[in-house]
Amino acid sequence: MTAIPRSALWLGLAGVIPFVWGALTVMSPALSDITMRSIGPRFIGPYVMLFYGTIILSFMSGVLWGFATKMDGAQAGMGYALSVIPALWAFFTSGAGVQSTGISLMVGFVGLLALDWLFWRHGVAPPWWMHLRVLLTGLVLICLAVGVFL
């Protein structure tokens with residue numbers, strides 16, 4: 001087993017900050033009010049998580065596309081086709097309200113984890129990839145659940 005490179009771990013965790021911030025502002029009305037007054041409503045509660053989650057699913061499509069470049073022939077074609085699914089999912093399922101979009105994003109992140117595993121299983125993702133992705137996906141799902149269900 002290969003350890004997650006420190007820079008990948010720290011940057012991955014930093015990428016979870018908007019999700020954590022959104023969950024914190026859902027749980028703390030005082031923090032939500034301060035944020036609303038200082039930087040606006042887009043950066044509180046589920047709104048920051050939904051907007052950012054849509055961006056991250058699209059970003060991860062690009063990561064998967066990069067993995068597909070390491071494949072050949074029909075396998076590469078399938079890799080490219082699969083790599084666009086998270087971005088398309090985010091595009092077609094967002095904007096239908098907080099709960100619906102939040103649940104769709106949660107499903108999207110679970111699906112993304114399955115795609116991560118597939119690319120990792122085919123040997124085109126780094127050996128440590130799934131350790132990082134399971135950690136980050138778990139954190140994102142917890143935060144989205146706070147935004148959707150609280």
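Seven aromatic pairs are counted in this predicted model, where rings of Phe, Tyr and Trp (its six-membered ring) pair if their centres lie within 6.5 Å, with planes under 30 degrees apart termed stacked, over 60 edge-to-face and the rest tilted. The ring centres of F19 and F109 lie 6.0 Å apart with planes at 90 degrees, so this pair is edge-to-face. It joins distant parts of the chain, since F19 belongs to helix 2 and F109, 90 residues away, to helix 7; helices are DSSP runs of H or I with at least four residues, numbered from the N terminus. Both F19 and F109 are buried, that is, under 20% relative accessible area with a 1.4 Å probe and protein chains only.

W128 and W129 form a tilted pair, 5.9 Å centre to centre and 55 degrees between the planes. W128 is buried at a relative accessible area of 14%, and W129 is buried at 9%. F67, F119, W128 and W129 make up one aromatic cluster. Leaving aside residues up to four places away in sequence, F67 touches F119, V124, A125, P126 and W129, contact being heavy atoms within 4.5 Å.

The largest nonpolar core has 36 residues, of which F19, F67, F109, F119, W129 and L144 touch the most other members. Such a core is a set of buried Ala, Val, Leu, Ile, Met, Phe, Trp, Tyr and Cys residues joined through side-chain atoms within 4.5 Å. Helix 4 contributes the most to this core, 10 residues.

Residues are numbered from 1 along each chain as its sequence is written. Local features need pLDDT of at least 70, side-chain atom pairs count only at pLDDT 80 or more, totals for chains, interfaces and linings use all residues, and side-chain values use heavy atoms, without hydrogens and water.

Methods:
Buried means under 20% relative accessible area, exposed over 50%, partly exposed in between (1.4 Å probe, protein chains only). Helices (H or I, at least four residues) and strands (E, at least two) are DSSP runs, numbered from the N terminus.
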